Amino acid sequence: MHVTTYPMMHSASPGLLLLSFLFLADADSPPKFTRTPEDQTGVQGGVSSFVCQAAGDPEPKIVWNKKGKKVSNQRFEVIEFDDGSGSVLRIQPLRTPRDEAIYECHASNSAGEITASTRLSVLREDQLPSGFPTIDMGPQLKVVERSRTATMLCAASGNPDPEITWFKDFLPVNTSNNNGRIKQLRSGGTPIRGALQIEMSEESDQGKYECVATNSDGTRYSTPANLYVRVRRVPPRFSIPPADSEIMPGGNINITCVAVGSPMPYVKWMLGAEDLTPEDDMPIGRNVLELTDVRQSNNYTCVAMSTLGVIEAVAQIIVKALPKASGNPVVTERTATSITLTWDSGNPEPVSYYIIQHRAKGSDDPYKEIDGIATTRYSVGGLSPYSHYDFRVAAVNTIGQGPSSEVVEARTAEQAPSSPPRQVRGRMLSTTTAIIHWDEPEEPNGQVVGYRVYYTSDNTLLVNQWEKQMVRSANFITIQSLTPNKTYYIRVMAFTSVGDGPLSQDLQIIAKTGVPSQPSDFKGEAKSETSIQLSWVAPPQGGPDNQITGYELVYRRADDTEEKKVSFEPVTSYLLKNLKPFSTYTFQLAAKSKHGIGAYTNEVSIDTPQTLPSAPPQDITCTSPSSTSILVSWAPPLLEFQNGVITGYSIQYSTTEGNKMSKRVDGVHPESSSYLLENLEKWTEYGITVRALTEAGEGPESLQLLIRTEDDVPSGPPRGVEAETVNASAVRVKWRAPAAERQHGQVRGYQVHYVRMNNGEPQGQPFIKDILIEDSQWEYDDSAEY
């Protein structure tokens, strides 16, 4: 396995910087001023600072002189620049007239020397000109969190407007070479115009700040104010802890670990006691561990450390693999229908579940599977008694299914037979002796130990009162001493060491030689709604003199009392037609020879399937409870015509006049005997039919019933209303009937409303005149006028 760590931030360890210098002979250069002190006028008791910087090779040394002598006074302080480029001469507090003088900045090195001079004037407060600068608002003590923005305020006035500069720890603040991090705000008026803004504050920004206002009249310093940069101290914590993972063998994975705190912690990876991150290349905050070609599971530890503590987080990398084969299953219990197996997991890693596969021994069928087994013991049920099975077990995990165990064979226990002996058949050897044959049961459920044969000529007796004989290791028996010409009923039962199985159906045999015994395996199935195909196995025929000459079939419909008989040639199947659909029929069959008819088979019941109803619903009536609805009522078709279970009804309705419209209602519940048709046209004649349905489909439509919806008040006014004056006291009013589709019934009359008007306003209540239409006029055409 190959391990690589990726530092995602710059290393905190300083790297090695290799510098090459090319030295040239005679490279000394004399001093040269880069900044010279300027003349100042200060105020008694105030502050004055002179700045002087020079360059040269070697670096010049700067000395301050007053009147040609090196300054020496406890009110005079020289403050060196950090980079050695010069110094500041600070005088505080100013005294007049003793501090008024010419001051010199003297710069010298081995290549030469230079001097710059400046004048200081000091005025008493009562001597200050009216335009002398005043500090209206100086900076205040401020505490800021590291990386936040700090703003030191300053406002000054004077005439002309003073220029504002800043000193920190007695040195001028440079606002030009820090990528704009420290800048003086110049926009707008006071107090912002002179403010100093420090973005992304650092611990090095902490110090004593002074605001300085200067104009042509002089210079005034503010009271100094301290800025404190607070460093929050937060112990390390994981913002993205390493995550557990499962990978395939030989796979690759990257594990990310991110820790935060203040100060920011170093982050490294460990495997056990082994450091995976180089000591001299330990990243801050974030470390990504790259694992390639991983072959085994391991726990990897991410360690984050700062001066405030050390924390750890573990990532578990599990190399996935298919489970191993589980231990071979062992049979611990067995019943007639189940086998209980127990096995060892065989897997040190967790297993999701187990699968048991089983099939009948020697079978080519695919294995049946039972999955989701959570334990190492399981009982497989639903098996056949006394049967051999093959079993095997496989484990499953998150990757998939492992190999199966070796196959283990097991046999279920015995139980009593669950089916009777098959194909019980018999024939007379003489008028008093019968031979009975049978086959082993279809489901013996064990080793059949023997059979019991019960027989009687009186089938009203209970079976335990019949005569019986036992047979071992054979499947036939001879019964003697029968009474000639009597019908005997014979039943056979198999038994195992566990118990008895069920009895076979009656075999009937007539104690008469030459008469056929019962046909066997008599059965039938519906071929259509009205026909059933019957089939059987012919009884054994004892010699040419006892040949079967035909068969007699007796049948009846379950609801009928009358039996019907059909005789036909010696065949082994017969199609019976013209039966009723959706009915149960019972059948019995007997074989005939020239000596007579043999015993009938036991009754067989067969159903014919459903078909469409062959008649419509009965007693259909319609009423109109409102002008927009019709109630349809009915009774089911007669039972003999239903031909199945009625599953519902459908109603078809259509208008018989105007724009003919037809609609249908399906899915009416089979228990319903009425249905309300709604949202119909008023005073409109409808034709209505009803059908019944079975699973097979729709039956025939009923005869159409005609019904008109109830009439209703007209929904349209009379048309073409006109009024004309006949004389001074009479008016003739003419109109035509409302539109036909708006009448909703037979118009029987009209009302004329009239009222006296005065200046467009009605005077009093209107008069009403009723006009009834005579019966003879009810039949009218659309052009009739009234």
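**Aromatic pairs, strand pairing and enclosed space**

In this predicted model, Tyr754 has a relative accessibility of 46% and therefore counts as partly exposed, because that class lies between the limits of 20% for buried and 50% for exposed residues. Phe767, with a relative accessible area of 49%, is likewise partly exposed.

Aromatic contacts were examined next. A pair of aromatic rings is described by the distance of the centres and the angle of the planes. In total, 18 aromatic pairs are present in the structure. One of them is formed by Trp634 and Tyr649, which adopt a tilted arrangement with 5.2 Å from centre to centre and 55° between the planes. Because Trp634 belongs to strand β55 (residues 629-635) and Tyr649 to strand β56 (residues 648-655), this pair ties together parts that are 15 residues apart in sequence. Both Trp634 and Tyr649 are buried. Tyr754 and Phe767 form an aromatic pair that is stacked, with a centre-to-centre distance of 5.4 Å and an angle of 25° between the planes. This pair, too, links distant parts of the chain, since Tyr754 is located in strand β64 (residues 749-758) and Phe767 in strand β65 (residues 761-772), 13 residues apart.

Arg359 lies over the face of Tyr367, 4.2 Å from the ring centre. Arg708 lies over the face of Trp683, and the distance to the ring centre is 4.9 Å.

Of the 8 residues of β56, 7 are buried, and the strand is mostly covered. Strands of a sheet pair through backbone hydrogen bonds, either parallel or antiparallel. β56 pairs in the antiparallel sense with strand β59 (residues 685-694), over 8 bridges. In β59, Ala692 stands opposite Tyr649. β56 also runs antiparallel to strand β57 (residues 662-668), to which it is joined by 5 bridges. Ser654 has Ser662 of β57 as its bridge partner. β56 and β57 form a hairpin with 6 residues between them, and in the turn Gly658 has a positive phi of about 65°.

Another part of the chain contains an open sheet of 5 strands with mixed pairing, in the order β23-β29-β28-β25-β26. Its edge strands, β23 (245-247) and β26 (274-275), each pair on one side only. Within this sheet, strand β25 (residues 266-271) and strand β28 (residues 298-306) are antiparallel and share 6 bridges. Leu271 has Tyr300 in β28 as its bridge partner.

A further tyrosine, Tyr489, is found in strand β43 (residues 487-495). Its relative accessible area is 14%, so Tyr489 is classed as buried, the limit being 20%. Tyr489 and Ile509 are 20 residues apart in sequence, but their C-alpha atoms are 6.7 Å apart in space.

Empty space was considered last. Rolling a probe the size of a water molecule over the atoms shows where empty space is left. The structure holds 1 cavity of 30 Å³ or more. The largest cavity contains about 40 Å³ of space, and its lining is made up of Val554, Tyr555, Arg556, Glu563, Thr586, Phe587, Gln588 and Glu603. Strands β48 (548-557) and β51 (584-593) are the elements that give two or more residues to this lining. By type, the lining of the largest cavity divides into 3 nonpolar, 2 polar and 3 charged residues.

The largest pocket holds about 1200 Å³ of space. It is lined by 46 residues, of which Trp166, Leu171, Pro172, Val173 and Asn174 lie nearest its centre. Elements that give two or more residues to this lining include β4 (48-57), β15 (163-168) and β19 (207-215). The largest share, 6 residues, comes from β15. The lining of the largest pocket divides into 16 nonpolar, 18 polar and 12 charged residues.

Methods. Residues numbered from 1 in each chain as written. Predicted model: local features only at pLDDT ≥ 70, side-chain atom pairs only at ≥ 80, totals over all residues. Heavy atoms only, no water. Phe/Tyr/Trp six-rings, centres within 6.5 Å; stacked < 30°, edge-to-face > 60°. Helix = DSSP H or I, 4+ residues; strand = E, 2+ residues; numbered from the N terminus. Buried < 20%, exposed > 50% of the residue type's maximum accessible area, 1.4 Å probe, protein only. Lys NZ or Arg CZ within 6 Å of the ring centre and 35° of its normal. 1 Å grid on protein atoms, 1.4 Å probe; cavity = no way out; pocket = protein on both sides within 12 Å on 5 of 7 lines; lining within 4 Å. Points joined across faces, edges and corners; volume = space filled by probe spheres on them. Nonpolar A, V, L, I, M, F, W, Y, C, P; charged D, E, K, R; others polar. Pairing = 2+ DSSP bridges.
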